[in-house]
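Visitor: I would like to learn how to read the features of a model like this one. Please take me through them in turn.

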Amino acid sequence: MSESGQVLVTGATGYIGGRLVPELLDAGHRVRCMVRSPARLRDLPWAGSTEIVAADALDAAATRAALEDVDVAYYLIHTMGGGKGFADADRRSARAFAAAAEAAGVRRIVYLGGLTGDEDLSPHLRSRAEVADIFLGCRVPAVVLRAAVIIGSGSASFEMLRYLTERLPVMTTPRWVRSRTQPIAVHDVLRYLRACASIPEEVDRAFDIGGPDVLTYADMMRGYAAAAGLPPRCIIPVPLLSPWLSSHWVGLVTPVPATIARPLVESLRNEAVCREHDIAAYVPDPPEGLIGFRLAVALALRKIKEADVATRWSSASTPGAPSDPLPTDPDWAGGSLYIDRRTLTSDVPPGALWEVIEGIGGGNGWYSLPVAWRARGVLDRIAGGVGLRRGRRDPRRLRVGDSIDFWRVEEIESGRLLRLRAEMRLPGLAWLELAVRQEDGRTVYEQRAIFYPRGLLGHLYWWTLVPFHRLIFGRLPKNLVTAAS
């Protein structure tokens with residue numbers, strides 16, 4: 001394929017897809033992104049250089065249209081967490097995409113899957129292998145890249161490793177810490193993916209990809225501690241922690257919720273070591289060699305320190321989180337919609353106030369009754385939600401789709417409006433709007449907390465928390481203005 005060929009990327013709102021798109025653009029490709037919610041890409045620095053189309057992989061007609069005139073299609077759609085039907089959903093989505101690619105005359109499909117051995121696979125690795133087989137069995141030539149743990153700033157695997165190591169100098173660990181794996185730096189994953197657009201058309205197979213080191217998870221925790229300048233970690237394996245218990249333990253210690261931690265933990269029980277390095281015949285190793293584990297950790301930590309994390313695991317929507325937009329449609333008019341409104345006028349410059357608003361959450365906190373926010377975060381984690389530990393991708397700047405603790409940015413108009421959609425466990429849907437405007441030479445701060453209840457439990461939830469809302473939402477305007485003064 002020529003360097004100016006048309007490339008389609010699915011999963012561009014996710015961790016890998018969001019990093020692959022600029023790589024492909026830099027290589028000279030024309031890139032089309034297929035996403036369910038185009039607004040999620042609006043504020044990304046490369047969005048204006050791509051064509052963005054709205055389509056769900058299960059929608060045959062929309063997917064077929066998105067694949068029109070495409071040479072190479074990257075399939076980067078994965079289900080993390082979710083319920084019992086995730087494997088069926090993955091299967092149906094892959095089959096529909098393969099059929100649409102055949103109908104559209106696509107010349108190559110590229111899929112990033114999991115590195116597996118011959119032993120009994122975890123449900124998620126088994127699903128990844130099944131998706132790979134679907135693409136390798138269709139009439140469109142496919143390249144399947146099989147990777148184990150990906151080491152890069154913001155990846156779920158890296159965040160899990162990072163927080164377990166940093167927060168637990170002494171830890172009792174389950175048996176999976178002794179399983180061997182071959183981690184790979186995200187930089188090398190992207191290098192392989194980018195090069196797949198130019199692999200000869202007759203190539204139709206899977207390739208194992210991994211870094212130069214074969215390590216146990218315990219080795220990786222010790223290696224992370226050394227790379228991060230931490231004292232040596234004491235790791236004591238015990239045989240009793242099941243994947244279910246381990247995932248909840250990970251959910252309590254790290255920012256990764258149990259719903260996402262469980263498939264990661266279950267996958268770690270399987271040995272994931274490359275059985276071949278045939279990819280080098282088409283994508284030669286760089287002269288300096290593949291990036292080793294400790295260097296990959298050091299590079300990731302530098303990105304975090306410099307607040308230069310391009311994408312995070314939380315870039316993709318959290319499984320089970322609500323995705324409905326703010327209810328402005330007349331269909332909502334007949335239902336109950338609870339709104340808590342607050343307004344405050346001050347002499348604080350609007351730019352200064354907006355800077356505080358855009359920096360809200362994460363390490364900067366929520367400016368009102370911190371104990372209540374922490375308690376709500378703890379309750380959400382207990383209920384299996386994301387809690388407050390996701391933090392922020394960037395400590396100062398936000399864009400549509402960013403996660404902030406248990407909120408997600410649904411809309412942002414610089415200097416004027418920030419709308420957050422709740423992703424905590426709720427019997428309904430919730431939003432928080434923070435707005436700034438000028439009136440008669442003064443700065444007006446406007447705030448709305450909006451809740452759409454589902455069922456009787458939703459109504460009870462709102463009225464039970466009304467006293468706390470007065471404390472939390474009532475104090476927020478004054479504290480934000482004070483912080484901006």
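Predicted model: local features only at pLDDT ≥ 70, side-chain atom pairs only at ≥ 80, totals over all residues.

Visitor: Which side chain does Glu 201 meet in a salt bridge?

Guide: Side chains of opposite charge can pair when their charged atoms come close. The rule here asks for a side-chain nitrogen of Lys or Arg within 4 Å of a carboxyl oxygen of Asp or Glu. Glu 201 meets Arg 107, at 2.8 Å from N to O. The two are 94 residues apart: Glu 201 is in the loop between α6 (186-196) and β11 (205-208), Arg 107 in the loop between α3 and β5 (108-114). Arg 107 is partly exposed, at 33% relative accessibility. Helices (H or I, at least four residues) and strands (E, at least two) are DSSP runs, numbered from the N terminus.

Visitor: How many salt bridges does the rule give?

Guide: The count is 36. Another of them joins Glu 102 and Arg 139, with the closest N and O atoms 3.2 Å apart. Glu 102 belongs to helix α3 (residues 86-104) and Arg 139 to the loop between α4 (123-137) and β6 (142-147), so the pair ties together parts 37 residues apart in sequence. Glu 102 is partly exposed at 26% relative accessible area, whereas Arg 139 is exposed at 72%.

Visitor: Is Glu 423, which pairs with Arg 390, buried or exposed?

Guide: Glu 423 is buried, with a relative accessible area of 4%. Arg 390 is buried as well, at 1%. Their N to O distance is 2.9 Å. Glu 423 sits in the loop between β17 and β18 and Arg 390 in the loop between α12 and β15, so this bridge ties together parts 33 residues apart in sequence. Both residues belong to a network of salt bridges whose members also include Arg 408, Glu 410 and Arg 448.

Visitor: What is the strand order in the open sheet of six strands?

Guide: Strands of a sheet pair through backbone hydrogen bonds, either parallel or antiparallel. Two strands count as paired if DSSP finds at least two bridges between them. The order here is β14-β19-β18-β17-β16-β15, with antiparallel pairing. At the edges are β14 (338-346) and β15 (403-404), each pairing on one side only. β14 and β19 (residues 442-453) share nine bridges, and Ile 339 has Ile 450 in β19 as its bridge partner. Helix α13 (residues 455-484) packs on the sheet and touches β14, β18 and β19 (contact: heavy atoms within 4.5 Å). The direction of α13 makes about 5° with that of β14, using lines fitted to C-alpha atoms, for helices over the stretch in contact, and angles from 0 to 180 degrees between N-to-C directions.

Visitor: How much of the whole protein is buried?

Guide: Of its 485 residues, 55% count as buried. The protein has 13 helices and 19 strands. Ile 382, in helix α12 (residues 370-382), is exposed at 62% relative accessibility.

How values were computed. Residues numbered from 1 in each chain as written. Heavy atoms only, no water. Buried < 20%, exposed > 50% of the residue type's maximum accessible area, 1.4 Å probe, protein only.
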